[in-house]
Amino acid sequence: MASAARMAQSLGYHRSVASKDDKPDDVRLKALLFWFIYSMDRSLSLCLGRAALLPDYDIALPYPSLSLDLSLQPWHILFHYWFDCSRITGEVYEHLYSVRGVSSSAEIRAKKVYELSYRLQDWRDQVIAVSR
């Protein structure tokens, strides 16, 4: 995972994936690759209790556009929700389990738990609404 994250950063995928010779499908696939690496990084970060390798403050890449192929659009929509959940997961680690988060007062941590649980519930409601 660390190698994939470093390669993505070295290639500048966290800022832009497009080069002048890229076809639109290539740009979308590179963006999907970056966001997949990002999501795996966030999952492992929380599971292993380690800081994420791809910090949110250094990412300027928007989510990839949906495929024009209608058979792939449900998968791309699912990916977008997974990416959103990964952002929340990163904030859970940052605000509750990182060195800074653990050293925060109980009051601040309780407030963050409430905020993050509200965001996660909102995310869940959006996923359920789309799946109907």
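## Ala52 and its neighbours

Which residues does Ala52 touch, not counting residues up to four places away in sequence? They are Asp41, Arg42 and Ser45, where a contact means heavy atoms within 4.5 Å. Ala52 itself sits in the loop between helix 2 (24-48) and helix 3. With a relative accessible area of 27%, Ala52 is partly exposed; the cut-offs are under 20% for buried, over 50% for exposed and partly exposed in between, using a 1.4 Å probe and protein chains only. Ser98 is 46 residues away from Ala52 along the chain, and their C-alpha atoms are separated by 10 Å.

A quick word on ground rules: this is a predicted model, so local features need pLDDT of at least 70 and side-chain atom pairs count only at pLDDT 80 or more, while totals for chains, interfaces and linings use all residues. Numbering starts from 1 along each chain as its sequence is written, and side-chain values use heavy atoms, with hydrogens and water left out.

## The chain overall

The protein chain has five helices and zero strands, running α-α-α-α-α from the N terminus on. Here helices (H or I, at least four residues) and strands (E, at least two) are DSSP runs, numbered from the N terminus. Taken along the principal axes, the C-alpha atoms fill a box of roughly 50 × 40 × 20 Å.

Of the 132 residues, 28% count as buried. The chain exposes about 8,700 Å², and carbon and sulfur atoms supply 61% of that; the areas come from the Shrake-Rupley method with a 1.4 Å probe, and for residues only the protein chains shown count as cover. Among contacts between residues at least 6 apart in sequence, 62% join residues at least 24 apart.

## The largest pocket

Back to Ala52, which is one of the residues lining the largest pocket. Others in that lining include Arg42, Tyr57, Glu91, Tyr93, Ser98 and Arg100. The pocket holds about 270 Å³ of space. On a 1 Å grid over the protein atoms alone, a pocket is an open set of points where a 1.4 Å probe fits, with protein on both sides within 12 Å along at least five of seven lines; lining residues have an atom within 4 Å of a point. Grid points are joined across faces, edges and corners, and the volume is the space filled by probe spheres set on them.

Helix 3 (residues 73-97) gives the largest share of the lining, four residues. By class, the lining has five nonpolar, two polar and five charged residues. Ala, Val, Leu, Ile, Met, Phe, Trp, Tyr, Cys and Pro count as nonpolar, Asp, Glu, Lys and Arg as charged, and the others, Gly among them, as polar.

## Aromatic rings

There are ten aromatic pairs. Rings of Phe, Tyr and Trp (its six-membered ring) pair if their centres lie within 6.5 Å; planes under 30 degrees apart are stacked, over 60 edge-to-face and the rest tilted. The Phe79 and Trp82 rings have centres 6.4 Å apart and planes at 40 degrees, so this pair is tilted. Phe79 and Trp82 are three residues apart in helix 3, about one helical turn. Phe79 is partly exposed at 27% relative accessibility.

Phe79 also pairs with Phe83, and this pair is stacked: 6.2 Å centre to centre, 15 degrees between the planes. Phe83 is buried, with a relative accessible area of 1%. Phe79, Trp82 and Phe83 belong to one aromatic cluster that also includes Phe34, Trp35, Phe36, Tyr38 and Tyr63.
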